[in-house]
Amino acid sequence: NTEPNQTAPWVMPGNYTVRLIVDGKVHEQSITIKKDPRIKTLPKDLHLQYDLSLQCYNGRKECMNILNEIRSYKAKLQGDQNTPAFKEINSLETTLAGTNEPSFNRLNTLFASLFNVLQDSDTPPTTQMINTAKELQQQFILLKKKWEALKKQ
């Protein structure tokens with residue numbers, strides 16, 4: 001009865017259609033997901049938990065995609081490691097331990113941590129969780145703008 005590690009948010013209670021396509025043939029099955037009757041959390045709070053979890057999940061996916069782009073870009077600049085551009089790319093990728101500067105690696109880790117806290121709880125998200133999700137999203141948007149501007153140079 002051990003649950004698997006979550007790789008995506010748990011779905012909300014409701015009716016769903018599962019679709020499997022094999023060799024061009026479509027197989028569909030309707031399923032109903034019911035809320036665990038032991039959980040007393042209100043539907044609006046479960047929905048908030050889901051929304052924040054999905055935001056963290058998507059944030060991680062985007063961070064990982066950008067980190068892959070950065071690594072590819074750095075490979076092209078391998079001979080020019082002392083250029084300001086290379087140093088700026090490094091700072092977007094990873095920041096030094098002990099600093100509070102955001103980087104895609106740091107945000108990836110923070111999104112994962114918040115995701116795990118949200119998914120491991122049957123209680124409404126706390127104000128701190130909500131504020132952390134907002135802050136991470138703001139940091140991600142700023143870093144992504146920096147990365148997009150750097151790619152254009």
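Author: Happy to. Glu88, Ser91, Leu92, Thr95, Glu101, Pro102, Gln139, Leu142, Leu143 and Lys146 line the second largest pocket. A pocket here is an open set of points on a 1 Å grid over the protein atoms alone, where a 1.4 Å probe fits, with protein on both sides within 12 Å along at least five of seven lines; lining residues have an atom within 4 Å of a point. This is a predicted model, in which local features need pLDDT of at least 70 and side-chain atom pairs count only at pLDDT 80 or more, while totals for chains, interfaces and linings use all residues. Residues are numbered from 1 along each chain as its sequence is written, and side-chain values use heavy atoms, leaving out hydrogens and water.

The elements giving two or more residues to this lining are α2 (84-93) and α4 (127-152), and α4 supplies the largest share, four residues. Helices are DSSP runs (H or I, at least four residues), numbered from the N terminus. The space in the pocket is about 160 Å³, a volume being the space filled by probe spheres set on grid points that are joined across faces, edges and corners.

Now to the salt bridges. Side chains of opposite charge can pair when their charged atoms come close. With a salt bridge defined as a side-chain nitrogen of Lys or Arg within 4 Å of a carboxyl oxygen of Asp or Glu, the count is eight. One of them joins arginine 71 to glutamate 93 at 3.4 Å, N to O. Arginine 71 belongs to helix α1 and glutamate 93 to helix α2, so this pair ties together parts 22 residues apart in sequence. Glutamate 93 is buried at 9% relative accessibility, whereas arginine 71 is partly exposed at 41%; buried means under 20% relative accessible area, exposed over 50%, and partly exposed in between (1.4 Å probe, protein chains only).

Another salt bridge pairs glutamate 69 with lysine 151 at 3.0 Å, N to O. Here glutamate 69 lies in helix α1 (residues 43-76) and lysine 151 in helix α4, so parts 82 residues apart in sequence are tied together. Glutamate 69 is partly exposed at 33%, and lysine 151 is partly exposed at 32%.
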